[in-house]
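I opened a notebook for a structure that is new to me. These are my entries, in the order I looked things up.

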Amino acid sequence: MSGYSFGKITLRHLNLLRDSVYFSDYRGCVRPEYPGIHFFGACVLLCCMYHRVEADKLSNSLPILERHFEYIRQNFQVVVPGEVLAADMVNLCMVFDDASYSFYSYVFPLMQKFGIRVVLAVAPKFIIESAGHIPSSRRLGVPTDELMLDDRFAVDAPFCSWQELSEICASGFVTIASHSFSHPNLLRFQDTEDELVRSKKTLEENLRCKVDSFVYPYGQFNRLIAERVRSRYKYSFAIGAGDNVSWDGVGGILFRAPADDLKDPVSIFSKWNLRKYEILRSRLFVKKWLMDRRSSIT
Ligand SMILES: [Zn+2]
């Protein structure tokens, strides 16, 4: 028994079991751009989800976010959907949801300062033409729970305006993603087609950019919705394990680690957390594999 502990043997066997499941039939386990290389045990594409800055909920403080950006610039290859992934370091895709005005106020300047590009998920229903006449403090001060209420977003403009989004797009630092048209829970919604098509069309027409990513509102989807999204968009993002093996994600869906309420700029990327994301990803692969098996049998 010398040289081995019970824990090590168990973990090794679990890893072997996991890898045998990976190898079974799922194409996401091999990166086509690096044939023959398997990235088991190593985080390849980490996706993170952010919302507001200096707000009441789902938010980061500006000083922590600034140090977080600085750390990211020094330690990651920052990528946006479709870009070739670096082979020798972790690739990081940062996705900001909802396009709140705090994105324009705080995040956009940080991105330019550190040369970092991100994905911005926009639900066009809440975007008004311009908001220059509304004081910044009023726009930033809308409580998170009230952002999407009819009598708040049109009056207090808590989201970026079309004017601001155009400026953000023109900078080249942002990839715009659709976040549906009106940000419903798609599981409770009958006409998902309208949410998927109208949002993409509105964003492309207003911002004159191609929109080929979709971010599920509240991270909610089912198999049917995922198929509809896949027929309209090349990439889609949900919430869960942040660790993805390629842009294919799991079953075509990229999972993002929640990155709001950071207590410090770095610990979200600790070895322990990366390992945790990897284990979560393994569970998703197994779940997907079992679902595929079940649907091929029935
Ligand atoms: Zn959202």
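**Entry 1: R230.** I began with R230, which counts as partly exposed because it has 15 C-beta neighbours inside 10 Å. The cut-offs I used are these: a residue is buried if 20 or more other C-beta atoms lie within 10 Å of its own, exposed if 12 or fewer, and partly exposed in between, with C-beta atoms placed from the backbone. R230 sits in helix α8 (residues 223-232). I also looked up S213, which is 17 residues from R230 in sequence and 9.6 Å from it in space, C-alpha to C-alpha.

**Entry 2: ground rules.** I noted that the model is predicted, that local features need pLDDT of at least 70 and side-chain atom pairs pLDDT 80 or more, and that totals for chains, interfaces and linings use all residues. Residues are numbered from 1 along each chain as its sequence is written. Helices (H or I, at least four residues) and strands (E, at least two) are DSSP runs, numbered from the N terminus.

**Entry 3: the whole protein.** I counted nine helices and eleven strands. The protein has 298 residues, and 37% of them count as buried. Next I looked at contacts, where two residues are in contact if their C-beta atoms, placed from the backbone, lie within 7 Å. Among contacts between residues at least 6 apart in sequence, 68% join residues at least 24 apart.

**Entry 4: the core.** Which residues touch the most other members of the largest nonpolar core? They are C48, V95 and L120, in a core of 69 residues. Helix α3 gives the most to this core, with seven residues. Such a core is a set of buried Ala, Val, Leu, Ile, Met, Phe, Trp, Tyr and Cys residues joined through C-beta atoms within 7 Å. In soluble globular proteins, nonpolar side chains tend to be buried together. I then listed what C48 touches, leaving out residues up to four places away in sequence: L92, M94, V95, G242, R256, A257 and A259.

**Entry 5: helix α7.** I moved to α7 (residues 192-207), a helix of 16 residues. Its end C-alpha atoms are 23 Å apart, which agrees with the 22 Å it should span at 1.5 Å a residue. The expected span is 1.5 Å times one less than the number of residues. I found E195, L196, S199, K200, L203 and L207 buried in α7. Seen down the axis of α7, these buried residues fall within an arc of 110°, so they line one face of the helix. The arc is that of the directions from the helix axis to the C-beta atoms. On the face of α7 turned away from the buried side, I found the exposed residues E193 and E205. The buried residues of α7 pack against β6 (118-122), α6 (162-170), β7 (174-178) and α8. After α7 comes R208, with a positive phi near 50°.

**Entry 6: strand β7.** How many residues of β7 are buried? Five of its five are. V174, I176 and S178 lie on one side, T175 and A177 on the other, and both faces are covered. In a regular strand the side chains alternate between the two faces of the sheet. I saw β6 and β7 pair in the parallel sense over five bridges; strands pair if DSSP finds at least two bridges between them. The bridge partner of V122 in β7 is S178.

**Entry 7: helix α2.** This helix (residues 62-75) has 14 residues and reaches 20 Å from its first C-alpha to its last, close to the 20 Å expected. Its buried residues are L65, H68 and F69. Seen down the axis of α2, they fall within an arc of 100°, so they line one face. Their cover includes β2 (52-53), β3 (59-60) and α3 (101-114). P63, Q74 and N75 are exposed on the face of α2 turned away from the buried side. I checked Q74, which is exposed, with 8 other C-beta atoms within 10 Å. The C-alpha atoms of Q74 and F114 are separated by 9.8 Å, though the two are 40 residues apart along the chain.

**Entry 8: positive phi in loops.** D98 lies in the loop between β5 (91-97) and α3. Its phi is near 85°, a positive value in a residue other than glycine. D98 counts as buried because it has 25 C-beta neighbours inside 10 Å. I looked up A157 too, in the loop between α5 (150-156) and α6. The phi of A157 is positive, near 45°. A157 counts as buried, with 25 C-beta neighbours inside 10 Å.
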